[in-house]
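Trainee: Could you show me how to read a protein model, one feature at a time?
Mentor: Gladly, let us look at it together.

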Amino acid sequence: MTAPTNTFTTGEAVGVREDLHDKIFMLNKDEFPFMSAIGSGTARNTYSEWQTDSLGNGSAANFNYEGDDTAAVAVTPTVRVGNRTQILKKSFTISETDEAVDSAGRKSEIGLQTMKQGRQIKMDLETTLLLNQASVAETPGTTPRKMGGLLSWLATNASRGSGGASGGFASGDTTAATDGTQRPFTEALLKAGIQTTWTNGGRPTLIIVNGNQKQVASGFTGIATQFQEAKGRIATVIGAVDRYVSDFGTFNIAADRYMSTRDAVGVDPAMAKVLWLRKFRRVELARTGDARKFHIIGEATLQVSNEAAHFVVADLS
């Protein structure tokens, strides 16, 4: 039915206040499984170095003559590796008027953008740490400095599709891995990666995958049977795997929004660090008009303490 004649409605009224709630609803995508799992340290230069070593293998030929002289055996030197720091930055400019007006959901636009950009730059760092990105020295005005991402380091324990090739560290920098023919992520591939790493002395405890491969991993049967669990009147279907018990240790499986869909990595959190040359901070820049300029800036690199401690199952479809 229509309203009676001359009924005064909100469509004709002047001065009806808007109903804008004093809250901003933001989705949370700033979860960092890799960065949260590994440690942090300090870089003291734009190129940070460390040394790696290996115990080698046990020998079945260690038997000697009674009273024999001991001959000198060649000592294997340590290996010196390093990574370059990368500058990450987010900027925003807020007019003085916008900062002065009464805005819903925040007391200060500068405060809101500081919080938002600060969370976004951490997302950028997690993404960069996991990239198949080669480390690059800076050429002033031409090429900015870049850190070598985790996927560019992994070479010893790498399972790749046909035509794929590992990158790795050589001559001062890492090289990005070459993509191979994609293949499905299977439990057999995962088990092979775990065993190879154990054979080489590694003890990873965390498997990091993208959301797509997390669902694939949840379909691994292992020696368990997925089932439906009933609790009272509520039935719960167990359809996810968050922990994988292998012959060589127990792994947590974490879905990382910023991990490549093509790759699954096994990580020993004790064998990787974020090294900070400059931790993130907000800096107000020089004024050039009726606005305030800011950037959030920091500089860090990834220390892969010994790349043989980790593994990658690459080229996943």
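This is a predicted model: local features need pLDDT of at least 70, side-chain atom pairs count only at pLDDT 80 or more; totals for chains, interfaces and linings use all residues.

Mentor: Residues are numbered from 1 along each chain as its sequence is written, and side-chain values use heavy atoms, with hydrogens and water left out.

Trainee: Is Q133 buried or exposed?
Mentor: Buried means under 20% relative accessible area, exposed over 50%, and partly exposed in between, using a 1.4 Å probe and protein chains only. Q133 has 15% relative accessibility, so it counts as buried. Helices are DSSP runs of H or I with at least four residues, strands are runs of E with at least two, and both are numbered from the N terminus. Q133 sits in the loop between α3 (109-129) and α4 (150-153).

Trainee: Which residues is Q133 in contact with?
Mentor: Contact means heavy atoms within 4.5 Å. Leaving aside neighbours within four places in sequence, the contacts of Q133 include Q86, T128, K146 and T174. M147 is also one of them, and the Q133 side chain reaches the backbone oxygen of M147 at 2.8 Å.

Trainee: What is a nonpolar core?
Mentor: The general idea is that in soluble globular proteins, nonpolar side chains tend to be buried together. A nonpolar core is a set of buried Ala, Val, Leu, Ile, Met, Phe, Trp, Tyr and Cys residues joined through side-chain atoms within 4.5 Å. Here the largest has 33 residues, and F34, L129, L150, V265 and L302 touch the most other members. Elements giving two or more residues to this core include α1 (33-37), β13 (264-267) and β15 (291-304). Apart from it lies another core of 16 residues, among them L189, Y244, F311 and V313.

Trainee: What does L150 touch?
Mentor: Not counting residues up to four places away in sequence, L150 touches F34, L129, L130, L131, V265, V267, L302 and V304.

Trainee: How do I read phi?
Mentor: Most residues other than glycine have a negative phi. S171 has a positive phi near 55° and is not a glycine. S171 lies in the loop between β6 (168-170) and β7 (173-175), and counts as exposed because its relative accessibility is 80%. D315 also has a positive phi, of about 60°, although it is not a glycine. D315 is in the segment after β16 (311-313) and is buried, with a relative accessible area of 2%.

Methods
A polar contact is a pair of N or O atoms within 3.5 Å; within protein, one must be able to donate a hydrogen and the other to accept it, and residues adjacent in sequence count only if both atoms are side-chain atoms.
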